[in-house]
Amino acid sequence: MPARVVVLGGGVGGTLAANLLSKELGKEATVTVVDSTGMHLYQPGFLYVALDQANALWLARDERTLLRKQVELVVDQATKIDPGAQTVSLAHASTISYDYLVVATGSRIVREAVPGYGDTHDFYSLDGAQRLREELRRFTGGRILVGVAGIPYKCPPAPVEFVLMLDEYLRKRGIRDKSSVTLLSPLNRAFTIESASKLVQPIFDRQGVGLSTFFNVETVDAEQRTVTSLEGETAGYDLLVLVPPHRGAAVVEASGLGDAGGWIPTDRNTLQHTQHERIFALGDTTDLPISKSGSTAHFEAPVVASRIASFVRGTAPKNAYGGRVMCFLETGGGRATSLRFDYAHPPIPPKPSRLWHWAKWIFNRAYWVTVPQGRVG
Amino acid sequence: MTLTAPAITKSIDARGMACPGPLLALIGAIRQGQVGDVYEVISSDAGSKTDIPAWIAKAKHELVTVMEDDGFARFIVRKAR
């Protein structure tokens, strides 16, 4: 009887892991993806939608078209995982059983966790990005604050990219001299990676982008138009853009499989749940203090697929995750740099250039026919 | 005098994890935690030796101790408010 592999979540990690497992195991396994919407969203595009550089249409595809035809797709909400019985309960259909489970349910945005969040803007959902785009089109000048209201969050460079691209956007609209742009950084510099921070700080200085350090947003007062940090400082704004708080998926929390934030305790090399060896986690879903990004999921998926294939065949797993991540960082003015690193090698970002900006653009455009199918590694 | 090691509420092994990095992982854990919780952060990033104590001082938490090891350091931090 073929092994039953169930993948929860049809994002980058879940889709790629399912396709690789199906390809590797063929008739030795059935591979089923359970996804709550059946639509695959290319989330790095939200930034470009918010800043009026891209149409929302290219960001969504039918998940079915991204999966190998041998992979079954179930569009339903997983509500409970029972690791003892090795089953997953679904909201609208009967329970499904697994021999191996890949949890790739990603992050859940919980704006309500910030007191006063209300109508504060963000670009962490397609709706949010479109609403921010409309707000920016109406904007005629004033104080813009960009901050981080929860950790961890997806795509650590995003706030830096946003302020630098926003600076460019306001200049093109001819209202930069009527506006101030300030990044409220959770850290004591613009960006977590010191070498990258040193690259972007001169751009902040040159462009007149402000930086407030050690400002972790805790509450918003929409009436007074102020934002207060957990470090105890308050700042005023006319337009506030926040990275909203994230949590792990509701199904992980409902099943008691996550930590205090709903993230799955995961081995940093094998990507298995630390207590349940038949459960694997990848991408945003894990509790690893590593980037929550499509890139991380992309590089983890082959490890998960390879290790499950070894278990199915009764052979010793060979592949382990070495912490590989690669991402781009837009620095405004049509330039970007790149960050490549793993557990053993810290990133050494190159000087921002047009080359990396175009590399990111090509990657964004080619995503649909490369990443989910495992054509780039 | 006897020294009693505090019970660790959560340990964060951020060795080799450049992004988002050890300090952001600590801030995230403290945001989720309760007053009195004790966190252990293991970092191989040289910058942590200044960054982590600087944030703890600013945010008014307590740095219980720092233990140097071969190529990494362990920071023990108590959520104080």
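In the predicted model, the largest nonpolar core holds 80 residues, of which Phe162(A), Val163(A), Leu166(A), Leu26(B) and Val41(B) touch the most other members. The greatest contribution to this core comes from helix α4 (residues 158-173) of chain A, with nine residues. Both domain 1 (3-106 + 249-325) and domain 2 (126-243) of chain A are represented in the core, each by at least three residues. Leaving aside residues up to four places away in sequence, Leu166(A) touches Leu51(A), Ile144(A) and Val181(A). Another core, of 49 residues, lies apart from the 80-residue core and includes Tyr98(A), Ala104(A), Ala301(A) and Tyr367(A). In soluble globular proteins, nonpolar side chains tend to be buried together.

The contact between the two chains involves 22 residues of chain B and 27 residues of chain A. On the chain B side, the elements that give two or more residues are α1 (22-32) and α2 (48-59). Of these, α1(B) gives the most, with eight residues. Sorted by class, the side of chain B that touches chain A comprises 14 nonpolar, five polar and three charged residues.

Chain B contains an open sheet of four strands in the order β1-β2-β4-β3, with mixed pairing. The edge positions are taken by β1 (10-13) and β3 of chain B; each has a single partner strand, so one side of each is left without a neighbour in the sheet. From one strand to the next, the twist averages 15 degrees. Within this sheet, strand β2 (residues 38-43) of chain B runs antiparallel to β4(B) and is joined to β4(B) by six bridges. Ser43(B) stands opposite Ala73(B), a residue of β4(B).

Two helices of chain B pack against these strands. Helix α1(B) lies across β1, β2 and β4 of chain B and runs at about 165 degrees to β2(B). Helix α2(B) touches β2, β3 and β4 of chain B, and its direction makes about 5 degrees with that of β4(B). Helix α1(B) is mostly covered, nine of its eleven residues being buried. The buried positions in α1(B) are Pro22(B), Leu23(B), Leu24(B), Ala25(B), Leu26(B), Ile27(B), Gly28(B), Ala29(B) and Ile30(B). Their cover includes β1, β2, α2 and β4 of chain B. One of these buried residues, Leu26(B), is also among the residues that touch the most other members of the 80-residue core.

In chain A, an open sheet of five strands has the order β5-β2-β1-β9-β19, and the pairing is parallel. Here β5 (72-75) and β19 (279-281) of chain A stand at the edges with a single partner strand each, so one side of each has no neighbour in the sheet. Direction ignored, neighbouring strands of this sheet are turned against each other by 20 degrees on average. Four bridges link strand β1 (residues 3-8) of chain A with strand β9 (residues 100-103) of chain A in the parallel sense. The bridge partner of Leu8(A) in β9(A) is Val103(A). Helix α7 (residues 294-313) of chain A packs on the sheet, touching β1, β2, β9 and β19 of chain A, with a direction at about 170 degrees to that of β9(A). Helix α1 (residues 12-25) of chain A lies across β1, β2 (29-35) and β9 of chain A and runs at about 165 degrees to β2(A).

Most residues other than glycine have a negative phi, and most peptide bonds are trans. In chain A, the peptide bond from Ile151(A) to Pro152(A) is cis, with omega near 0 degrees; Pro152(A) lies in the loop between β11 (142-148) and α4 of chain A. In chain B, a cis peptide bond joins Cys19(B) and Pro20(B), with omega about 5 degrees, and Pro20(B) is placed in the loop between β1 and α1 of chain B.

Positive phi values are found at two non-glycine residues described here, Asp52(A), near 65 degrees, and Lys60(B), near 60 degrees. Asp52(A) belongs to the loop between α2 (46-50) and β4 (60-62) of chain A and counts as partly exposed because it has 15 C-beta neighbours inside 10 Å. Lys60(B) is found in the loop between α2 and β3 of chain B; with 11 C-beta neighbours inside 10 Å, Lys60(B) counts as exposed. Asp70(B), in the loop between β3 (62-68) and β4 (73-78) of chain B, is exposed, with 4 other C-beta atoms within 10 Å.

Methods:
Residues numbered from 1 in each chain as written. Chains lettered and ligands numbered in written order. Predicted model: local features only at pLDDT ≥ 70, side-chain atom pairs only at ≥ 80, totals over all residues. Buried ≥ 20, exposed ≤ 12 C-beta atoms within 10 Å, placed from the backbone. Contact = placed C-beta atoms within 7 Å. Nonpolar A, V, L, I, M, F, W, Y, C, P; charged D, E, K, R; others polar. Core = buried A, V, L, I, M, F, W, Y, C linked by C-beta atoms within 7 Å. Domains from an automatic or database assignment. Pairing = 2+ DSSP bridges. Axes fitted to C-alpha atoms, helices over the stretch in contact; angles between N-to-C directions.
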